[in-house]
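Visitor: Please show me the model. I have a few questions about it.

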Amino acid sequence: YRAKASSEQVVIYDPAMDEVSRARSLMAVELRAALELGQLEVHFQAQSDIPTRDLVGFEALARWRHPERGMIPPSDFIPIAEATGLIRELGVWVLNAACREAVSWAEPLRVAVNVAPQQLAQPDFAETVLDALLVTGLEPSRLELEVTEASLISDKRRAEEVMASVKAAGVRIAMDDYGTGYASLSTLQTFPFDKIKIDQSFIKPLGRDRQAAAIVRSTLILGEALGIPVLAEGVETETQLAFLDRARCREAQGYLFGKPCGAAETAERVREQWARKRAEFARGMSDA
Ligand code: C2E
Ligand code: MG
Ligand code: MG
Ligand code: MG
């Protein structure tokens, strides 16, 4: 039989289908329901300034709280959402939820949202982003969209147009998972990125792998030469952080600064930093 998975997409059950594709089709139907039932959540992972260790922003990461299977990671459901086209709706939902949370924070830190290739290929994607800003009231410069090279390869012209219009509105664009694509260098040449996120696969081996260290160092030099700030993903140890600091990497994200956490806990972390900064400021005033 046929089960409707979204307004345009249809998932077909065929008894001849293998176990894996049957499970995926079922999951697609469930995922669509999950979106409507409010089982999806946005978690946030800290992004920190390396020299001061201050929080400068958060990356929004989708989570599926499944009633029976518990928390399902995005690596399990984003590919299915992409294959069925549901990613467009899911992406709009994440974008709006992330902007709404960011507006509630005590300090106007940045919020980064992942954008799937199919979203960027939508003719009205820029409008969708501007709507989210208008509806939530988030200052455009606080929003950063994370795109991967995969988004830019399929329809380069469209992607360029969309990126130009969101940038014109003041939204920032980051290149995610830098170094894992096919044409990182030429992509950097063509698109006006505001940030480069070095993929965690290059950060993990820092301290024990000279090749990884060389790639990270050269990316930092490249970023500096192009005037694009670089963030290191997947920073887990003080050793990695010390290397990055010496190499003058500006920002880091990773378990060392915190795992992704729920909206309430995130808001509390922002409030704590804000209170600390305010107390320091007040002390400075009374000393002067
Ligand atoms: P990403 O955008 O590269 O996000 C970073 C991933 O690395 C997150 O995994 C994060 O939890 C993980 N991570 C961060 N720091 C560390 C660390 O120190 N060690 C280790 N081992 N891992 C770390 P997560 O949340 O499982 O997300 C996986 C991917 O799923 C994301 O990779 C992103 O590509 C995708 N994704 C997540 N949410 C969304 C979304 O709303 N829309 C789209 N299109 N993709 C999403
Ligand atoms: Mg990302
Ligand atoms: Mg990444
Ligand atoms: Mg990744």
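**Metal site and helix packing**

Guide: Both Glu-146 and Asp-176 are buried, meaning under 20% relative accessible area with a 1.4 Å probe and protein chains only. This is a predicted model, where local features need pLDDT of at least 70, side-chain atom pairs count only at pLDDT 80 or more, and totals for chains, interfaces and linings use all residues. Residues are numbered from 1 along each chain as its sequence is written, chains are lettered from A and ligands numbered from 1 in the order in which they are written, and side-chain values use heavy atoms, without hydrogens and water.

Visitor: Which residue coordinates both the magnesium ion (ligand 2) and the magnesium ion (ligand 3)?

Guide: Donors are N, O and S atoms within 2.8 Å of the metal (3.2 Å for Na, K and Ca); water is not among the atoms, so sites may look incomplete. Ligand 2 is coordinated by Glu-59 (OE), Asn-114 (OD1), Glu-146 (OE) and Asp-176 (OD), at 2.0 to 2.2 Å. The two magnesium ions, ligand 2 and ligand 3, are 3.9 Å apart, and the residue coordinating both is Asp-176.

Visitor: What spacing do the donors of the magnesium ion (ligand 2) follow along the chain?

Guide: The donor residues are Glu-59, Asn-114, Glu-146 and Asp-176. Along the chain their spacing is E-x54-N-x31-E-x29-D.

Visitor: How is H1 oriented relative to H2, roughly parallel or roughly perpendicular?

Guide: Helix H1 (residues 19-37) and helix H2 (residues 74-84) pack at about 90°, with axes 10 Å apart. Angles of 65 to 115 degrees count as roughly perpendicular. Therefore H1 to H2 is roughly perpendicular.

Technical notes:
Buried means under 20% relative accessible area, exposed over 50%, partly exposed in between (1.4 Å probe, protein chains only). Axes are lines fitted to C-alpha atoms, for helices over the stretch in contact, and angles run from 0 to 180 degrees between N-to-C directions. Helices (H or I, at least four residues) and strands (E, at least two) are DSSP runs, numbered from the N terminus. Angles under 35 degrees count as roughly parallel, over 145 as roughly antiparallel, 65 to 115 as roughly perpendicular and the rest as oblique.
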